[in-house]
Amino acid sequence: MQLQNRQPQNLSSNKSYTRQDWQKGYESQPREFDYWIEDIEGEIPPELQGTFFKNGPGLLDINGQPIHHPFDGDGMICKIAINQGRAHFSNRFVQTEGYLAEQKAGKILYRGVFGTQKPGGWLANIFNFKTKNIANTNVIYWGNKLLALWEAAQPHRLDPHTLETLGLDTIQGTLNPGDAFAAHPRIDPHSQSDDAAPCLVNFAVKPGLSSTITIYELNPTGEVVRQHSHSIPGFAFLHDMAITPNTCIFFQNPVRLNLLPFLVGWRSPGQCIDFNPHEKTKIILIPRDGKSAVKIIETEPCFVFHHANAWEENGDIFIDSICYDSFPSVDPDGDFREVDFETVPAGQLWRFQVNLETETVQHQVIETRCCEFPSLHPEQVGRPNRYLYIGTAHALEGNAPLQAVLKLDFKTQTQQIWSAAPRGFTGEPVFVPRPGGTREDDGWLLVLMYDAAHHRSDLVILDAEDLTRGPTARLHLKHHVPYGLHGSFTPEWFGPEA
């Protein structure tokens with residue numbers, strides 16, 4: 001399935017950015033702000049009310065000592081509260097144990113998962129296995145709690161009004177010290193096990209020679225109503241999952257882990273992962289009831305960080321995922337700011353069709369343009385969706401930074417695009433439904449983007465029905481926010497009194 005392109009005429013395959021512009025978006029932002037946003041182009045839709053939260057690495061260095069990869073950066077939460085056509089911005093770092101210790105010491109004290117080492121070479125890092133919970137990947141408001149998530153540890157609870165860190169959260173006593181709660185929960189809008197009430201589904205994984213996956217399902221009050229664990233063969237690198245009403249879906253990437261370089265202080269865990277192109281990717285299907293048998297079905301080698309959606313249809317399971325032809329490895333000696341995009345794999349949108357009776361898989365490439373961070377109407381999670389929104393490169397071909405937002409229409413097989421090129425850089429679009437809306441694309445996309453021309457960030461509000469109209473509003477911040485990871489929106493208002 002190839003979708004026809006509906007896009008501005010100025011888009012071409014020529015390079016749409018400069019490396020210098022892109023690099024500036026990776027400067028640290030050590031300051032914390034609190035102000036009403038006054039510099040606005042256009043108008044904020046009056047029906048758009050609530051709070052947008054965004055997480056990502058706020059520090060790319062510790063007192064001038066650079067971290068090796070942005071995924072090792074300390075988590076910083078941004079909050080933009082919107083009400084009656086006005087918006088208020090604030091940001092705070094998650095006060096993790098590691099963040100506080102390193103800020104006090106003024107130097108790097110911990111090894112990072114993706115390459116950051118303590119100063120002093122291998123002798124300073126040998127047999128040092130302590131990592132810090134950086135709380136930098138996602139932020140969600142659920143069960144009257146605001147949680148900053150990092151997949152390898154407990155979440156940190158924050159005050160949604162002030163963003164003050166309240167401490168590690170146990171999910172109402174479910175998590176013990178050292179337990180993980182992943183950074184990619186899915187919200188089933190109408191759980192069939194809960195009388196069609198919403199349900200948050202999340203997981204944790206303990207990798208090893210065999211790996212254990214634990215599924216958690218939380219009701220709207222934050223109580224764990226279902227929990228079950230399953231052992232699967234082999235090392236499992238699992239960052240995300242997809243769900244249907246009956247199944248949790250994971251892709252076990254064909255990678256091998258050799259921890260010896262990590263143990264002796266040469267490399268980080270992320271640099272010890274090797275992609276094996278001769279090994280099959282495994283699709284792991286875990287029934288959400290926790291009772292039926294787990295199925296593991298092989299498909300062709302690929303690497304997946306993020307899934308867009310999954311659904312059941314005529315006895316088959318369909319899964320839309322961002323696929324890479326190999327693992328985008330982290331160079332132990334390289335600088336992530338100097339990455340040559342043309343030499344690393346680009347993500348593409350693939351659709352997998354799993355036949356449960358024959359346990360076979362077919363796939364097709366839906367979108368070849370470099371893309372990441374898919375988003376859709378929350379009512380369609382786990383159900384067939386007509387529309388998908390995704391961060392994408394400006395150019396039709398080749399790997400490049402994300403500078404645009406793409407809308408895919410699977411019914412008409414057409415697409416729309418809004419691009420911030422040449423000096424704007426985007427990320428994840430977050431879909432916010434219009435109150436009372438009945439159409440699947442009736443709502444807005446919120447995108448926190450970096451504007452290199454002014455070295456600041458903007459909250460861009462797009463009409464999800466027609467991206468080609470351009471932004472409904474651009475809210476100019478007074479400063480830049482380093483490139484972030486995931487965000488969420490709640491209709492709850494967590495700003496100051498207007």
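Helices and strands are runs in the DSSP assignment, with at least four residues of H or I for a helix and at least two of E for a strand, and they are numbered from the N terminus. By that numbering, Gly382 falls in the loop between β27 and β28 (387-392). The model under discussion is predicted.

Q: Is Gly382 buried or exposed, and what is its relative accessible area?
A: Gly382 belongs to the loop between β27 and β28. Buried residues are those under 20% relative accessible area. Gly382 counts as buried because its relative accessible area is 4%.

Q: What distance separates the C-alpha atoms of Gly382 and Asn246?
A: Along the chain, Gly382 and Asn246 are 136 residues apart.

Q: Which elements give two or more residues to the lining of the largest cavity?
A: The structure holds three cavities of 30 Å³ or more, and the largest has a volume of about 80 Å³. Its lining comprises 13 residues, of which Trp142, Leu147, Ile171, Leu218 and Gly222 are the closest to the centre. By class, seven lining residues are nonpolar, four polar and two charged. The elements that contribute two or more residues are β9 (138-142) and β10 (145-149).

Q: Which element gives the most to the lining of the second largest cavity?
A: The second largest cavity contains about 50 Å³ of space. Its lining includes Lys54, Asn55, Met76, Cys78 and Val481, and by class it divides into five nonpolar, four polar and one charged residue. At least two lining residues come from each of β4 (50-57) and β7 (75-83). With four residues, the element that gives the most is β4.

Q: Which residue is joined to Pro422 by a cis peptide bond?
A: Most peptide bonds are trans. Pro422 sits in the loop between β30 (414-419) and β31 (424-425). The cis bond has an omega of about 10 degrees, and the partner of Pro422 in it is Ala421.

Q: What is the relative accessibility of Asp195?
A: Most residues other than glycine have a negative phi. Asp195, although not a glycine, has a positive phi of about 55 degrees, and its place is in the loop between β13 and β14 (197-206). Exposed means over 50% relative accessible area. Asp195 counts as exposed because its relative accessibility is 79%.

Q: What is the relative accessible area of Gln172?
A: Gln172 is a residue other than glycine with a positive phi, near 55 degrees. It is located in the loop between β12 (165-168) and β13 (186-191). Gln172 is partly exposed, with a relative accessible area of 47%.

Q: How many residues apart in sequence are the parts tied together by Arg423 and Asp21?
A: The closest N and O atoms of this salt bridge are 2.8 Å apart. Arg423 is partly exposed at 34%, whereas Asp21 is buried at 8%. Because Arg423 lies in the loop between β30 and β31 and Asp21 in helix α1 (residues 19-24), the separation in sequence of the parts they tie together is 402 residues.

Q: Which strand holds Asp320, the salt-bridge partner of Arg351?
A: The side chains of Arg351 and Asp320 meet at 2.7 Å, N to O. Both are buried, Arg351 at 9% and Asp320 at 1%. Arg351 lies in strand β25 (residues 348-355), and Asp320 in strand β24.

Note on methods: Residues are numbered from 1 along each chain as its sequence is written. This is a predicted model: local features need pLDDT of at least 70, side-chain atom pairs count only at pLDDT 80 or more; totals for chains, interfaces and linings use all residues. Side-chain values use heavy atoms; hydrogens and water are left out. On a 1 Å grid over the protein atoms alone, a cavity is a set of points where a 1.4 Å probe fits but cannot get out, and a pocket is an open set with protein on both sides within 12 Å along at least five of seven lines; lining residues have an atom within 4 Å of a point. Grid points are joined across faces, edges and corners, and a volume is the space filled by probe spheres set on the points. Ala, Val, Leu, Ile, Met, Phe, Trp, Tyr, Cys and Pro count as nonpolar, Asp, Glu, Lys and Arg as charged, and the others, Gly among them, as polar. Buried means under 20% relative accessible area, exposed over 50%, partly exposed in between (1.4 Å probe, protein chains only). A salt bridge is a side-chain nitrogen of Lys or Arg within 4 Å of a carboxyl oxygen of Asp or Glu.
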